[in-house]
Amino acid sequence: MIETSIRKSTLGALKELYNADISEKDIIIQKTRKEFEGDYTINVFPFLKLSHQKPEQTAEKIGEYILKDNKDMDRFNVIKGFLNIVVKDEVWTAFLANNAGDNKFGISKHAAGAPYVIEYSSPNTNKPLHLGHIRNNLLGWSVAEILKASGKNVVKVNLVNDRGIHICKSMLAWEKWYNGQTPESARIKGDKLVGDCYVRFDKEMKAELAALVDKGISPDEAEKKSALMKEAREMLQKWEQNDTEIRKLWTEMNKWVYTGVDQTYKRLGVAFDKIYYESDTYLLGKEIVVEGLDQGILFKKEDGSVWAGLSEE
């Protein structure tokens, strides 16, 4: 609306100053660059053939006319062939006051075109959402809603990291030290209980490593000799082999986390159109790793871990 009124005043200036009738599309108006004072900038170079004057003189005359003609404009300045116009503060405050109550302001009615996939949140199932997730969730949700409001076809996606050694650490801790405790019996959110299990594993492992180091073993060797880490790795291998009991515990503890995390999502006011789980997709990556080993691109160490040699790169 403001830009339209500036364009109209510019047309009036060209008519009065140079007796010129030009098309609106020939008037180039942009937002003023941050390093200069102004709200809108008019490029006057296309008008020099009408004024037969220098860019600065042409911009000054057009600016003076606009200031007299348009009550919404406060002042102007000229940088070479660019006329920077400052809009009065009360114009902006009036615009805000007039539109603040319109919950549909700026919203397009029709979503169209190829989908915009906005992926956010992406929690692990070994702990509750933390402070960083709040930022991530609100940014992701906001970007998605802004795109939706502008008429884009938006799909909100969450990729959940629900498998791996970190998940097994929580599971192993629960088996060892929590005596069948459940969110109901502990009277806490499920994600908090599983997170407590993860913290307990870390605490117990640090104590184990410290005891090994006290016996003269190096920290690196102590980690290799850790009985807890060995158990966690064995649990992960059993999970990958579809061990019935391990999968049952994994499913149950993940369910605790999902219930707790969903409560947090509800409190934050965010949601998703599609949720992907790493447990459903990791095999694709595993196939690629096996192919890399077969082709000699990757190599396997004695402990079974797979590596890519990038020293030449």
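**Ground rules.** I am working with a predicted model, where local features need pLDDT of at least 70, side-chain atom pairs count only at pLDDT 80 or more, and totals for chains, interfaces and linings use all residues. Residues are numbered from 1 along each chain as its sequence is written, and side-chain values use heavy atoms, with hydrogens and water left out. My helices (H or I, at least four residues) and strands (E, at least two) are DSSP runs, numbered from the N terminus.

**Entry 1, Val44.** I found Val44 in the loop between β2 (40–43) and α2 (48–51). Is Val44 buried or exposed? Val44 is buried, at a relative accessible area of 0%; buried means under 20%, exposed over 50%, and partly exposed in between, with a 1.4 Å probe and protein chains only. Leaving out residues up to four places away in sequence, Val44 touches Pro55, Thr58, Ala59, Ile62, Gly81 and Leu83, where contact means heavy atoms within 4.5 Å. I also checked Lys54: it sits 10 residues from Val44 in sequence, and the C-alpha atoms are 10.0 Å apart.

Next I looked up Glu37, which lies in the loop between β1 and β2. Glu37 counts as partly exposed because its relative accessibility is 41%. With residues up to four places away in sequence not counted, its contacts are Thr32, Arg75, Asn77, Asn84 and Val86. From Glu37 to Ala100 I get 26 Å between C-alpha atoms, for 63 residues along the chain.

I then turned to helix α10 (residues 227–240) and helix α11 (residues 244–268), whose axes come within 8 Å and cross at roughly 100°. Axes here are lines fitted to C-alpha atoms, for helices over the stretch in contact, and angles run from 0 to 180 degrees between N-to-C directions. That makes α10 roughly perpendicular to α11, a label for angles of 65 to 115 degrees. On the α10 side, Met235, Lys238 and Trp239 make the contact, and on the α11 side Ile246, Arg247 and Trp250 do. By class I note 4 nonpolar, no polar and 2 charged residues; Ala, Val, Leu, Ile, Met, Phe, Trp, Tyr, Cys and Pro count as nonpolar, Asp, Glu, Lys and Arg as charged, and the others, Gly among them, as polar.

On a 1 Å grid over the protein atoms alone, a cavity is a set of points where a 1.4 Å probe fits but cannot get out, a pocket is an open set with protein on both sides within 12 Å along at least five of seven lines, and lining residues have an atom within 4 Å of a point. How many cavities of 30 Å³ or more are there? I count 1. About 40 Å³ of space lies in the largest cavity, and Trp250 is one of its lining residues. Both α6 (165–177) and α11 supply at least two residues of that lining, which divides into 5 nonpolar, 3 polar and no charged.

The largest pocket holds about 800 Å³ of space. Of its 20 lining residues, Gln237, Asp303, Gly304, Ser305 and Val306 are the closest to its centre. The largest share of the lining, 6 residues, comes from α12.

How values were computed
Angles under 35 degrees count as roughly parallel, over 145 as roughly antiparallel, 65 to 115 as roughly perpendicular and the rest as oblique. Grid points are joined across faces, edges and corners, and a volume is the space filled by probe spheres set on the points.
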